[in-house]
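I opened my notebook to look up a protein chain. I wrote the entries in the order I checked them.

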Amino acid sequence: MLLAKKIDEGLFSWDTSAQVLYHEFTTLDKERGKVITVEDLVGNGSGYTQRFIATLLTSDKKPAEKLFNAVSNTEAKYKKEDKHYAYNNDFFAAAGFIATQNDGKPSYNKYARALKEELFKPLEMESTTAYIPEAWLSPNFAIGHRAVNKSWTDKKKKL
């Protein structure tokens, strides 16, 4: 939704290369990385498959930097022209970071702030956030769970 809003504002188009918006965006195949568009990032038609998203937001490292480093070492599984669907939250996250980076480096904080200011507030979603530390301060939030010793425990708990 945020990408579509930026496109409606004329900041870029679905056909804009991800590298035009963020010059450091690349993949293992540098030539192929140059032609990946905004639409490719969110349309799951790039030929790249998901690899890293599950660990990004729970890591102590900066999510955007970790994501772009991981994507730069990613090899396509399919040819783009084959029109093969390959679910990829990594690229979807990259699109969000790129759309909100402006002239600086993409960051999770910029992305969360843009979502809050440009989407959540206008929609009067006052208790909604995409910034995990802010969510943890609320008494009312959802938390992921994981299996531990054949039972489930929330991911926030230290083992």
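**Entry 1: the whole chain.** I began with contacts: a contact means heavy atoms within 4.5 Å. In the protein chain, 55% of the contacts with a separation of 6 or more come from residues 24 or more positions apart. I noted that this is a predicted model: local features need pLDDT of at least 70, side-chain atom pairs count only at pLDDT 80 or more, and totals for chains, interfaces and linings use all residues. Residues are numbered from 1 along each chain as its sequence is written, and side-chain values use heavy atoms, with hydrogens and water left out.

I then looked up the helices and strands. The protein chain has 9 helices and 2 strands. Along the sequence the pattern reads α-α-α-α-α-α-α-α-α-β-β.

Next came burial. Buried means under 20% relative accessible area, exposed means over 50%, and partly exposed lies in between (1.4 Å probe, protein chains only). Of the 159 residues, 37% count as buried.

**Entry 2: the salt bridges.** A salt bridge is a side-chain nitrogen of Lys or Arg within 4 Å of a carboxyl oxygen of Asp or Glu. How many salt bridges does the structure hold? I found 5.

Lys 5, Lys 6, Glu 9 and Glu 118 are linked in a network of them. I went through the pairs. Glu 9 bridges to Lys 5, with the closest N and O atoms 2.8 Å apart. Glu 9 is partly exposed because its relative accessible area is 44%. Lys 5 is partly exposed too, at 27%. Glu 118 also forms a salt bridge with Lys 5, and here the closest N and O atoms are 3.5 Å apart. This pair links distant parts of the chain: Glu 118 is in helix H8 and Lys 5 is in helix H1 (residues 2-8), 113 residues apart.

Lys 6 bridges to Glu 118 as well, at 3.0 Å between the closest N and O atoms. Lys 6 lies in H1 and Glu 118 in H8, so this pair ties together parts that are 112 residues apart in sequence. Is Lys 6 buried or exposed? Lys 6 counts as buried because its relative accessibility is 8%.

**Entry 3: Thr 100.** I found Thr 100 in the loop between helix H7 (89-99) and H8. Thr 100 has 5% relative accessibility, so it counts as buried. A polar atom of its side chain lies 3.1 Å from the backbone oxygen of Gly 96. Which residues does Thr 100 contact, leaving aside neighbours within four places in sequence? They are Leu 2, Lys 110, Tyr 111 and Ala 114.

**Entry 4: Glu 124.** Glu 124 lies in the loop between helix H8 (108-120) and helix H9 (132-137). Its phi is near 60°, a positive value in a residue other than glycine. I checked the rule: most residues other than glycine have a negative phi. Glu 124 counts as exposed because its relative accessibility is 67%. Leu 123 is placed in the loop between H8 and H9 as well.

**Entry 5: the strands.** Two strands pair if DSSP finds at least two bridges between them. Strand E1 (residues 145-148) and strand E2 (residues 151-154) pair in the antiparallel sense over 4 bridges. Val 148 has Ser 151 in E2 as its bridge partner. The hairpin has 2 residues between the strands, and Asn 149 takes a positive phi near 50° there.

How values were computed: A polar contact is a pair of N or O atoms within 3.5 Å; within protein, one must be able to donate a hydrogen and the other to accept it, and residues adjacent in sequence count only if both atoms are side-chain atoms.
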